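Please read the numbered points alongside the sequence and the coordinates.

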Amino acid sequence: MKVHKIEVLKAVAASLNADAFLVYSPQWHKENYRFLTEKNFIGPFGIILYLASREEVHIIYGADWDLLKNRSAIKHAECHADQPAETVERLLMEGNVKTLAVSGSKYMTAALEQAVKKAGALTVSAEGCLERARMQKTEEEISYLRQAVRLADEVWPVFMQGVADGLNEYQIVAEVEHYLKLHGAEDCFMLLATGGDDVRGMTPPMMRTARPGDMVRTEITPQVNGWWAQICRTCVKGRANENQKKAFEIFLEAEQAGFDMIRPGVNIRDVAKAENDVFRKYGYGEYCTEKYTRVRGHGHGLDLDEMPLVLESTDLVLKENMVVVIHPNTFSPLCGYMVFGDPVLITKDGYELLSVTERKLFEV
């Protein structure tokens, strides 16, 4: 565990006046564990316990093989692989822990909850603390996100070729995932939708096949070393009609309006407002509501849908080295659901656009 990540644990514990900080990560939500250790684990869960009085970090696993997988990565921490609940109870008592900050409490096993009670520790919630810390990336983390975006850019032509060849959505996703994993991605998350102006949103792949004039919308989100990043694009099978072109110009203007607001010190709600104001200008403001859309973008990182959410209701100031995707994806009465978005790195003076895929409505 790198020193700067230990400092995160210390800072959270101090901010909550806690004697210790317990981070519980189940197998299906490893993000905080991976953030702190910069390694993966297998098995049912991983636990990180920081004892403030001793300035000790203990990593506790739910299965013996986790120890073997992570041994070379453990630094400045003691590793435990046997009797996790009993180990937590013992460490809390040895550390004389009266107040324990907890992240991931809703996932904890009954045995672990009981162990904390038996140790006599009063628990306080630390939910969201690590998620906020994860928003500002290190150079190493940014490099993984750059690799993920590069793969998304590279595979977009593969996606379009599948549409051109008449493949259904299952087949297109198979071609995309084959390319991505062949070129170093661990995984890929995709939503997509094929059809006309009746399409209201994206779904997992189905048997849909594009007909002439249909739009095919997608977000392509590769994962590299645990880090996810995406591009969002739409293509038309054949020639785009005038309403599709008109709609895309509005989406392009909205995305750029969001970009133009991005710099350190700006509240992310103002980025969302800038995007939405473009739709309002053209009389489509109602389609910025939750009835038709979810978010105007979100953070990138160890989760598919990281904080912060780009919404007018989100109160969060942007900082250097955050990475967010700006995507004004929503339904439009002109053409149905439109998908368009790109990831940006927030720099000292503004932003860096990470994707190089042309920002246009593609025709295939």
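**Notes on a helix and a sheet**

1. At the start of helix H9, a side-chain oxygen of asparagine 241 comes to within 3.1 Å of the backbone nitrogen of asparagine 243. Helices are DSSP runs of H or I with at least four residues, strands are runs of E with at least two, and both are numbered from the N terminus.

2. The model is predicted: local features need pLDDT of at least 70, side-chain atom pairs count only at pLDDT 80 or more, and totals for chains, interfaces and linings use all residues. Residues are numbered from 1 along each chain as its sequence is written, and side-chain values use heavy atoms, with hydrogens and water left out.

3. Helix H9 covers residues 242–261, and its 20 residues reach 29 Å from first to last C-alpha, close to the expected 28 Å (1.5 Å times one less than the number of residues).

4. Among the buried residues of H9 are Phe248, Phe251 and Phe259. Leucine 252, also found in H9, is partly exposed, with a relative accessible area of 22% (buried is under 20%, exposed over 50%, partly exposed in between; 1.4 Å probe, protein chains only). Beyond its neighbours within four places in sequence, leucine 252 is in contact with Phe340 and Arg359 (heavy atoms within 4.5 Å).

5. An open, antiparallel sheet has five strands in the order S12-S11-S13-S16-S17 (paired strands have at least two DSSP bridges between them). Strands S12 (306–309) and S17 (351–353) stand at the edges with a single partner strand each, so one side of each lacks a neighbour in the sheet.

6. Three bridges join S16 (residues 342–346) to S17. Leucine 345 has glutamate 352 in S17 as its bridge partner.

Notes: Polar contact = N/O pair within 3.5 Å; in protein donor to acceptor, adjacent residues only side chain to side chain.
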